[in-house]
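Reader: I'd like to learn how to read salt bridges in a model like this one. Could you walk me through it?

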Amino acid sequence: MKTATFRIWRGNSQGGKYQDYTAEVSEGMVVLDAIHQIQAKDANDLACRWNCKAGKCGSCSAEVNGIPRLMCMTRLSQIPLEQPITIEPMKAFPIVRDLATDVSWNFRVKKKIKPFKPRAPDAPDGTWRMAQADIDRVQEFRKCIECFLCQDVCHVLREHYKHEEFIGPRFLVYVAALEMHPLDIEDRLAELKQAHGIGYCNITKCCTKVCP
Ligand code: SF4
Ligand code: SF4
Ligand code: FES
């Protein structure tokens, strides 16, 4: 049986260090499988967050060899296994423990964005009519699983910690979805510039690259 070394960051908000663990590698395995194996065998107290193991819930976000990724969607066959594989928590958010970070800042940001405000109903029975083309246009923005990998990679948050001034790519997408909604009549454009810091984005598109 083939084995690989996983160099996992262990610690809490006070500090921590990398620790090496060995896991057996078999066909079709993803990083999260290796983490589960290590938890079962050598480190019962290793903290990590996951739920669906299918790239849907957005909770298993971490950094694999320095790149923000969903652990459940990162196949071991995609990573070189000859050298230790580094697994660390996301850097843009405060550490809770080991691989678990506190992403609650994102939910506070979301609350600051003006909510969906539909126009008055189109028909006397209180219903609306929308063109299919208008629905199709916003589909892509509505696929977000709130894994926050894009927030993690964005240098405005990751390196410059502008969390108070910049809402980050996830919420630029969220605002876009609301603004392009065929029924919405709210205007969020002035706010995007003034309060949400859109000017900090220099369109490097690193966020697009890591989005699952
Ligand atoms: S394009 Fe670059 S600067 Fe703009 S939100 Fe994405 S990662 Fe951040
Ligand atoms: S936009 Fe993509 S990377 Fe960002 S939170 Fe949504 S799914 Fe994750
Ligand atoms: S466990 Fe749900 S996205 Fe990875």
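Author: Happy to! One term to begin with: a residue is called buried when its relative accessible area is under 20%, exposed when that is over 50%, and partly exposed in between. Please keep in mind that this model is predicted.

Reader: Thanks. What lets side chains pair in this way?

Author: Side chains of opposite charge can pair when their charged atoms come close. In this structure there are 18 salt bridges.

Reader: Let's take Arg170 and Glu146: are they buried or exposed?

Author: Arg170 and Glu146 are both buried. They form a salt bridge whose closest N and O atoms are 2.9 Å apart. This pair links distant parts of the chain, 24 residues apart: Arg170 belongs to helix 6, while Glu146 lies in the loop between helix 3 and helix 4.

Reader: Which residues are joined into one network by salt bridges that share partners?

Author: Those are Glu63, Glu88, Lys91, Asp152 and Arg158.

Reader: And where are Lys114 and Glu191 in the chain?

Author: Their side chains meet in a salt bridge at 3.9 Å, N to O. Lys114 sits in the loop between helix 2 and helix 3, and Glu191 in helix 7, 77 residues apart. Glu191 counts as buried because its relative accessibility is 19%, whereas Lys114, at 29%, is partly exposed.

Reader: Why does Asp98 count as buried?

Author: Because its relative accessibility is 2%. Its salt-bridge partner is Arg97, at 3.6 Å from N to O, and Arg97 is partly exposed with a relative accessible area of 37%.

How values were computed
Residues numbered from 1 in each chain as written. Chains lettered and ligands numbered in written order. Predicted model: local features only at pLDDT ≥ 70, side-chain atom pairs only at ≥ 80, totals over all residues. Heavy atoms only, no water. Salt bridge = Lys/Arg side-chain N within 4 Å of Asp/Glu carboxyl O. Buried < 20%, exposed > 50% of the residue type's maximum accessible area, 1.4 Å probe, protein only. Helix = DSSP H or I, 4+ residues; strand = E, 2+ residues; numbered from the N terminus.
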